[in-house]
Amino acid sequence: MDGSFPEGDPAVVCGKRQQFGSRFLSDPARVFHHNAWDNVEWSEEQAAEAERKVRENSTQRVCQEKQVDYEINANKYWNNFYKIHENGFFKDRHWLFTEFPELAPSQNHLKNLLSENERSKVYEYYRSGEDGSNLIIEQQHSCSVSLGDKTQPPLMEESVTQKLHHLEICANEFPGSSATYRILEVGCGVGNTVFPILQTNNDPRLFVYCCDFSSTAVELVQTNSAYDPSRCFAFVHDLCDEDKSYPMPENSLDVIILIFVLSAIIPDKMQNAINRLSMLLKPGGIMLLRDYGRYDMAQLRFKKGQCLSENFYVRGDGTRVYFFTQDELDTLFTTAGLEKVQNLVDRRLQVNRGKQLTMYRVWIQCKYRKPLSG
Ligand SMILES: C[S@@+](CC[C@H](N)C(=O)[O-])C[C@H]1O[C@@H](n2cnc3c(N)ncnc32)[C@H](O)[C@@H]1O
């Protein structure tokens with residue numbers, strides 16, 4: 001492992017989350033005054049230097065025999081990783097709820113989610129019809145947030161479609177079939193996302209599925225004292241395995257979340273994996289992703305001989321990692337029939353003040369929604 005985890009703790013300023021923070025480095029002499037700087041602009045020289053480093057570390061590729069081994073035994077390498085680190089490596093990702101309010105929609109009140117202007121638009125919209133109570137507005141708003149669109153007034157027709165759809169789904173029994181809000185986390189590791197969701201979102205109608213192809217990781221989730229089978233179902237699943245079905249029907253999930261997992265699979269298999277996941281989403285459901293961006297520090301640190309294919313590398317422990325551009329992710333999601341809600345690059349400068357080191361991180365955050373019709 002390159003030691004670059006845990007990733008992407010976005011900044012919280014005065015208890016209020018700004019989009020990718022708001023601590024900007026305008027005077028380079030102040031770089032060691034804080035632990036992190038947001039929205040860092042890269043100079044042309046720095047971008048050229050990053051390209052040069054990647055060209056250099058990609059010149060020598062891993063031999064074919066080893067490549068096959070890393071692919072066939074991918075889950076074993078991750079099992080070893082979790083046997084060594086157990087659940088001590090990744091930090092719980094509590095920042096998820098500021099970045100992805102869809103994970104706990106009923107916990108997010110209008111005032112936290114919308115600007116005053118946006119809020120008054122929503123009130124205006126509802127004042128004209130219905131009984132205008134805040135409760136209804138909030139419920140409807142949650143629905144629109146789960147659809148990933150907080151700037152448009154929520155549409156009645158959409159929520160009605162969703163309710164009808166839900167009734168259809170409930171006719172079949174499967175784990176979590178009686179829930180009304182279903183989240184699946186793919187590549188859940190030891191539950192650093194799942195447990196914060198279960199702790200933060202107390203909605204009794206919530207059900208959280210999580211899977212990983214590492215049986216060691218899934219066992220650590222299932223034996224965690226916070227694991228509650230009435231609210232959660234953890235299972236072993238390889239998202240590249242086309243022959244194995246998921247335990248829930250198509251069109252049944254509100255949210256699918258992928259945190260630093262798509263980058264761990266071989267690029268050739270990414271599109272199929274996303275296509276299959278997309279089929280599990282309800283119309284209006286949303287896919288959330290946070291993952292490595294091109295020229296992230298972790299990519300530049302790889303040495304010659306660790307490159308598998310363009311922008312795809314193997315770490316010393318046999319686990320693999322890809323570094324995305326925004327366009328590549330857009331193509332993956334839109335080819336799977338999803339519509340863009342957000343596709344952002346988060347460029348941060350992390351600082352180790354003790355060692356006087358600077359680390360340029362690049363992460364991409366995406367939200368793509370399944371259309372209501374079509
Ligand atoms: C970098 S870790 C991230 C773990 C977790 N999402 C988090 O943020 O803490 C990548 C995870 O993806 C899992 N993974 C990699 N390839 C997978 C695949 N083909 N199917 C399912 N899980 C996979 C690994 O076992 C590992 O737990």
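**Figure 1. The loop that holds N311.** N311 sits in the loop between β9 (307–309) and β10 (312–314). In this predicted model, the phi angle of N311 is near 65 degrees, a positive value in a residue other than glycine. Most residues other than glycine have a negative phi. N311 has a relative accessible area of 8% and is buried, because buried means under 20% relative accessible area.

**Figure 2. A positive phi at Y295.** Y295 is placed in the loop between β8 and α12 (297–300). Its phi is near 75 degrees, which is a positive value in a residue other than glycine. Is Y295 buried or partly exposed? With 22% relative accessibility, Y295 counts as partly exposed.

**Figure 3. The protein chain as a whole.** The protein chain contains 13 helices and 13 strands. Of its 374 residues, 52% count as buried. Among contacts between residues at least 6 apart in sequence, 74% join residues at least 24 apart. The chain exposes about 17700 Å², and carbon and sulfur atoms supply 49% of this area.

Figure 4. Rolling a probe the size of a water molecule over the atoms shows where empty space is left. The structure holds 1 cavity of 30 Å³ or more, and about 40 Å³ of space lies in the largest cavity. Which residues line the largest cavity? The lining is made up of Y70, A74, Y77, W78, F213, A264, G318, T319 and R320. By class, these comprise 6 nonpolar, 2 polar and 1 charged residues. Helix α3 (residues 74–85) gives the largest share of the lining, with 3 residues.

**Figure 5. The buried residues of helix α10.** In helix α10 (residues 215–222), the residues T216, A217, V218, L220 and V221 are buried. An α-helix has 3.6 residues a turn, so residues three or four places apart point the same way. What covers the buried residues of α10? The cover includes α3, α9, β5 (206–212) and β6 (232–236).

Figure 6. I197 is located in helix α9 (residues 194–200). At 0% relative accessibility, I197 counts as buried. Leaving aside neighbours within four places in sequence, I197 is in contact with F97, L103, I183, L206 and V208.

**Figure 7. A104 and its contacts.** A104 is found in the loop between α4 and α5. The relative accessible area of A104 is 1%, and the residue is buried. When residues up to four places away in sequence are not counted, A104 touches F97, T200 and N201. By contrast, A104 and K303 lie 41 Å apart in space, C-alpha to C-alpha, and 199 residues apart in sequence.

**Figure 8. The salt bridge between E102 and K367.** A search of the whole structure finds 11 salt bridges. In one of them, the side chains of E102 and K367 meet at 3.2 Å, N to O. E102 lies in the loop between α4 (96–99) and α5 (110–113) and K367 in strand β13 (residues 357–369), so the pair ties together parts that are 265 residues apart in sequence. Both partners count as buried: E102 has a relative accessible area of 3%, and K367 is at 8% relative accessibility.

**Figure 9. The salt bridge between R205 and D203.** R205 forms a salt bridge with D203, and the closest N and O atoms are 2.8 Å apart. Which of the two residues is partly exposed, and which is buried? R205 is partly exposed, with a relative accessible area of 47%, whereas D203 is buried, with a value of 13%.

Figure 10. The side chains of D346 and R290 meet in a salt bridge, at 2.8 Å from N to O. D346 lies in strand β12 (residues 339–352) and R290 in strand β8 (residues 281–292), so the pair ties together parts that are 56 residues apart in sequence. Both D346 and R290 are buried. Elsewhere, salt bridges that share partners join E49, R52 and E56 into one network.

How values were computed. Residues numbered from 1 in each chain as written. Predicted model: local features only at pLDDT ≥ 70, side-chain atom pairs only at ≥ 80, totals over all residues. Heavy atoms only, no water. 1 Å grid on protein atoms, 1.4 Å probe; cavity = no way out; pocket = protein on both sides within 12 Å on 5 of 7 lines; lining within 4 Å. Points joined across faces, edges and corners; volume = space filled by probe spheres on them. Helix = DSSP H or I, 4+ residues; strand = E, 2+ residues; numbered from the N terminus. Nonpolar A, V, L, I, M, F, W, Y, C, P; charged D, E, K, R; others polar. Buried < 20%, exposed > 50% of the residue type's maximum accessible area, 1.4 Å probe, protein only. Contact = heavy atoms within 4.5 Å. Areas by Shrake-Rupley, 256 points an atom, 1.4 Å probe, with all protein chains shown as cover. Salt bridge = Lys/Arg side-chain N within 4 Å of Asp/Glu carboxyl O.
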